[in-house]
Amino acid sequence: MYVCLCKGVSDHQIRQAVEDGARSWRDVQRETGCGTQCGKCACQGKGITRDAVKDELMVGVGDLAYAV
């Protein structure tokens, strides 16, 4: 789905930016241009970014070994 109509940025592009190393809304803005023109998409873009970063950080947690 398109999040930013001004720049033509989709939720998939935001998630891809996070997979490629973006770790904040500013990083996503820099990479995609989302939220840099009229700003109406900023709240939704931030939410998608927050969820994507959380998901990305949780990927490696299942591989952690804990001493018993």
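Modeller: Helices are DSSP runs of H or I with at least four residues, numbered from the N terminus. By that reading, Thr-49 lies in helix H3. Please bear in mind that this is a predicted model.

Biologist: How many helices and strands does the chain contain, and which pattern do they follow along the sequence?

Modeller: The chain has three helices and two strands. Their order along the sequence is β-β-α-α-α.

Biologist: Is Thr-49 buried or exposed?

Modeller: A residue is called buried when its relative accessible area is under 20%. Thr-49 is buried because its relative accessible area is 3%. Beyond its neighbours within four places in sequence, Thr-49 is in contact with Ile-14, Val-18, Ser-24, Trp-25 and Val-28.

Biologist: How does Asp-55 count at 45% relative accessibility?

Modeller: Asp-55 is also placed in helix H3. With 45% relative accessibility, Asp-55 counts as partly exposed, since that class lies between under 20% for buried and over 50% for exposed. The C-alpha atom of Asp-55 is 9.7 Å from that of Val-18, although 37 residues separate the two along the chain. For the chain as a whole, 35% of the 68 residues count as buried. The accessible surface is about 4800 Å², and carbon and sulfur atoms account for 51% of that area.

Biologist: Which residues touch the most other members of the largest nonpolar core?

Modeller: In soluble globular proteins, nonpolar side chains tend to be buried together. Here the largest nonpolar core has 15 residues, and those touching the most other members are Val-3, Ile-14, Val-28 and Cys-34. At least two core residues come from each of strand S1 (2-4), helix H1 (11-19), H2 and helix H3 (42-58). H3 gives the largest share, four residues. As for Cys-34, apart from neighbours within four places in sequence, its contacts are Val-3, Cys-4, Val-9, Ile-14, Trp-25, Gln-29 and Cys-41.

Biologist: Turning to H2, which of its residues are buried?

Modeller: The buried residues of H2 are Trp-25, Val-28, Gln-29 and Thr-32. These residues lie on the same side of H2 because they cover an arc of only 100° around the axis. Against that buried side pack strand S2 (9-10), H1 and H3. The face turned away from the buried side bears the exposed residues Arg-26, Arg-30 and Glu-31.

Biologist: Where does Thr-32 lie, and what does its side chain reach?

Modeller: Thr-32 belongs to helix H2, which spans residues 25-32. A polar atom of the Thr-32 side chain lies 2.8 Å from the backbone oxygen of Val-28. The side chain of Thr-32 also reaches the backbone nitrogen of Cys-34, at 3.1 Å. Both Val-28 and Cys-34 are among the residues already named for the core. Setting aside neighbours within four places in sequence, Thr-32 is in contact with Lys-7, Val-9, Gln-13 and Ala-17.

Biologist: What follows H2 in the chain?

Modeller: Gly-33 follows H2, and its phi is positive, near 85°.

Technical notes. Residues are numbered from 1 along each chain as its sequence is written. This is a predicted model: local features need pLDDT of at least 70, side-chain atom pairs count only at pLDDT 80 or more; totals for chains, interfaces and linings use all residues. Side-chain values use heavy atoms; hydrogens and water are left out. A polar contact is a pair of N or O atoms within 3.5 Å; within protein, one must be able to donate a hydrogen and the other to accept it, and residues adjacent in sequence count only if both atoms are side-chain atoms. Contact means heavy atoms within 4.5 Å. A nonpolar core is a set of buried Ala, Val, Leu, Ile, Met, Phe, Trp, Tyr and Cys residues joined through side-chain atoms within 4.5 Å. Buried means under 20% relative accessible area, exposed over 50%, partly exposed in between (1.4 Å probe, protein chains only). The arc is that of the directions from the helix axis to the C-beta atoms. Accessible areas come from the Shrake-Rupley method with a 1.4 Å probe; for residues, only the protein chains shown count as cover.
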